[in-house]
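Hi everyone, thanks for coming. Please take a moment to look at the sequence and the model on the screen, and then I'll walk you through a few places in it.

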Amino acid sequence: MKPPSKVQRTLRIVVVTTVPEHVTDESARATQARRNTALRIGLLESGYDIVASLPADIFLPERIAQIQPDMIIIDSESDARDVLEHIVIATRDEPRPIVLFTDDQTPSSMDAAIDAGVTAYIVDGLQAERVKPVLDVALKRFRREQKLLDELSDTRRQLADRKLIERAKGVLMARNKLTEEEAYQRLRTMAMNKKLRLAEVAQRILDVEDLLG
Amino acid sequence: MAHAFVSGSDRPEKTVIRAGFMPLTDCAPLVMASVLGLDDKYGIKLDLCRQHSWSGMRDRLLQGEIDVAHVLYGMLYGVENGIGGVTRRMAVLMNLSRNGQSITLSRALARQGIADLPQLAAAVRKGARRFAFAHTFPTGNHAMFLYYWLAAGGIDPLRDVQAVTVPPSQMAVNLAAGHMDGFCAGEPWSTRALLDGSGFTAATSQDIWPDHPGKALGATAAFVDANPHACRSLIAAVLEAARWLDAAGENRDAAAEVLSSPGYVNADRHAIAARLHGEYENGLGRRWIDPDPVRFHSDGEANFPYLSDGMWFMTQHRRWGLLRDDVDYAAVAARVNRVGLYREAAVLAGVPAPSSLTRRSVLMDGKVWDGSAPAAYAAAFPIRRVALAGA
């Protein structure tokens, strides 16, 4: 009978670091990159072994097969998540298959993880209590950076909304021969009647404009 | 008279329906249902939520962050049957479109004289190197059509070549860089690869199976069971949008304009419009008007949730070993595809519905699929995953 192993070796973690493709704004990309860095620092400071930070490119499955990590952490918004799903299915018959961390006993951890924007893929059989502390570090870091991202995205959204409203006012002024003030009042009235935000009403007007050509 | 039929006992259980969609041309019926105000007509409000990965779409649907989604038909059935670890009872409300996907091969292959399936098969057989092909999701439509196409040409997609999942945004750049030889995906990705010179269209999905099922409008079974009236209204609204799309070329032009915007597909209008009209070019000098372009409605025929459509994906999952054993194909499809609810919605929208639950198709290799004997159908393909001992 083998003696029980006393030393639990450090978890070997891979962080997939690509900034999501749909994030095109320069400063948002910089913030995302900072978020990835903060996550890596957080994990290292906590004593976890980050074996690799990998970009989400076509060689990711190969590199993961070579590295055989215990855990892969990726941004929930990354379009490269589907690459990892493929690895999950492809490895399910192998000695250490990788699964999405959806342990049914800890649904709230999974919800919290996804809310914070981190998705974890772990090797099957890895006890939840080993996974949890790593996730906690990841969540804390992600949440802190998420707050910054949210503020940035709010600012950008406000700017985009203003542009939409300006354009929609322009359309109403041209089509209905209104003054700017009248056009604005028209938008406000529609928004109140339909219980929509001003920007949503503006988008609908612009969509109709696209339709009518 | 809007709202006349959605008052009283038929009133939607919830009015705001969060609908996930991917930035693909075939999200059109869902997006246009919102843009045209058809949701309003049926007493609901569509809250469109753009997603960035199919797994993200699935997770949000399962967690209830979104209520319904524009999904890969195959992926939805994968979740129903627990392929890849996540199992949940799902529902198909309707089919959103047929046709319109493509298989794109690299320009480098064309330069080597490989422009069609037989030439590709000959090159693969020579064995000088390993060919790699990408799809969008391991259980999804594009994977199943890619595998079917390769196998019909005598290529075993699991053994003779490497098949990988690549995010669509990376497909063209990987083709150009020589990291892979081809991919199967939807629009506008296939047209983009054409326009940027990285690839050519070797086959359309309608070449593989004319009028195949496409993306489904899916949800969890729990959501549909708890909100049947809202779902009925939603189906009716999307049916009207689908009908509008098919009704006139100008409508599809207008849709292309709307879809091109950053909030939806975020692509050049030209990359979207041509194939919406069935105008194809393959990048090697061939231009044609396709007899089976993307169709969103076909007088209701395209939207009906045929049980045989759901069953086909399951037979292909079985064929490739994603399903390790046969399931009760007919019973699973009967509980997933909400035919009864669809029929009620079709009445509301004034759309005819076929009486049969299955339909008969002939695919590119001459094989007939009509929903009968699914286990035998899955087992009869000469190229399939050979069962592992003890598996």
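**Two helices in chain B**

Let's start with a pair of helices: the axes of α4 (residues 73–80) and α16 (residues 329–336), both in chain B, come within 12 Å and cross at roughly 105°. Because of that angle, α4(B) counts as roughly perpendicular to α16(B). Keep in mind as we go that this is a predicted model. For anyone new to this, two packed helices are described by the angle between their axes and the distance between the axes.

Which residues make this contact? On the α4(B) side you can find Leu76(B), Tyr77(B) and Glu80(B), and they meet Val332(B), Ala333(B), Arg335(B) and Val336(B) in α16(B). If we sort the residues of this contact by type, five are nonpolar, two are charged and none is polar.

**Where the chains meet**

Now zoom out to the two chains, A and B. How many residues of each chain are in contact with the other? The count is 31 residues of chain A and 46 residues of chain B. Together the two chains bury about 3200 Å², with 52% of that on carbon and sulfur atoms. If you wonder why I quote an area, the size of an interface is often given as the accessible area lost when the parts come together.

Next, the pairings across this interface. Nine residue pairs are in polar contact between chain A and chain B, with both residues at pLDDT 80 or more. Which parts of chain A supply the side that touches chain B? Helices α3 (81–90), α4 (107–116) and α7 (198–212) of chain A each supply at least two residues. Of the elements in chain A, α3(A) gives the most to that side, with seven residues. By type, the residues on that side of chain A divide into 16 charged, twelve nonpolar and three polar.

Side chains of opposite charge can pair when their charged atoms come close. Three salt bridges are found across the interface of chain A and chain B, and over all chains the count comes to 30. Take Arg81(A), which forms a salt bridge with Asp59(B), with the closest N and O atoms 2.8 Å apart. Arg81(A) also forms a salt bridge with Glu85(A), where the closest N and O atoms are 3.4 Å apart. Glu85(A) and Arg81(A) are separated by about one helical turn, because they are four residues apart in helix α3 of chain A.

**Some backbone details**

The peptide bond from Glu187(B) to Pro188(B) is cis, with omega near 10°, and Pro188(B) lies in the loop between β8 (182–185) and α9 (189–195). Asp211(B) is not a glycine, yet it has a positive phi of about 65°; look for Asp211(B) in the loop between α10 (205–208) and β10 (215–220). Asp299(B), also not a glycine, has a positive phi of about 55°, and Asp299(B) is in the loop between β12 (287–289) and α15 (307–319).

Notes: Residues are numbered from 1 along each chain as its sequence is written. Chains are lettered from A and ligands numbered from 1 in the order in which they are written. This is a predicted model: local features need pLDDT of at least 70, side-chain atom pairs count only at pLDDT 80 or more; totals for chains, interfaces and linings use all residues. Side-chain values use heavy atoms; hydrogens and water are left out. Contact means heavy atoms within 4.5 Å. Buried area is the accessible area (1.4 Å probe) that two parts lose on being put together, summed over both. A salt bridge is a side-chain nitrogen of Lys or Arg within 4 Å of a carboxyl oxygen of Asp or Glu. A polar contact is a pair of N or O atoms within 3.5 Å; within protein, one must be able to donate a hydrogen and the other to accept it, and residues adjacent in sequence count only if both atoms are side-chain atoms. Ala, Val, Leu, Ile, Met, Phe, Trp, Tyr, Cys and Pro count as nonpolar, Asp, Glu, Lys and Arg as charged, and the others, Gly among them, as polar. Axes are lines fitted to C-alpha atoms, for helices over the stretch in contact, and angles run from 0 to 180 degrees between N-to-C directions. Angles under 35 degrees count as roughly parallel, over 145 as roughly antiparallel, 65 to 115 as roughly perpendicular and the rest as oblique.
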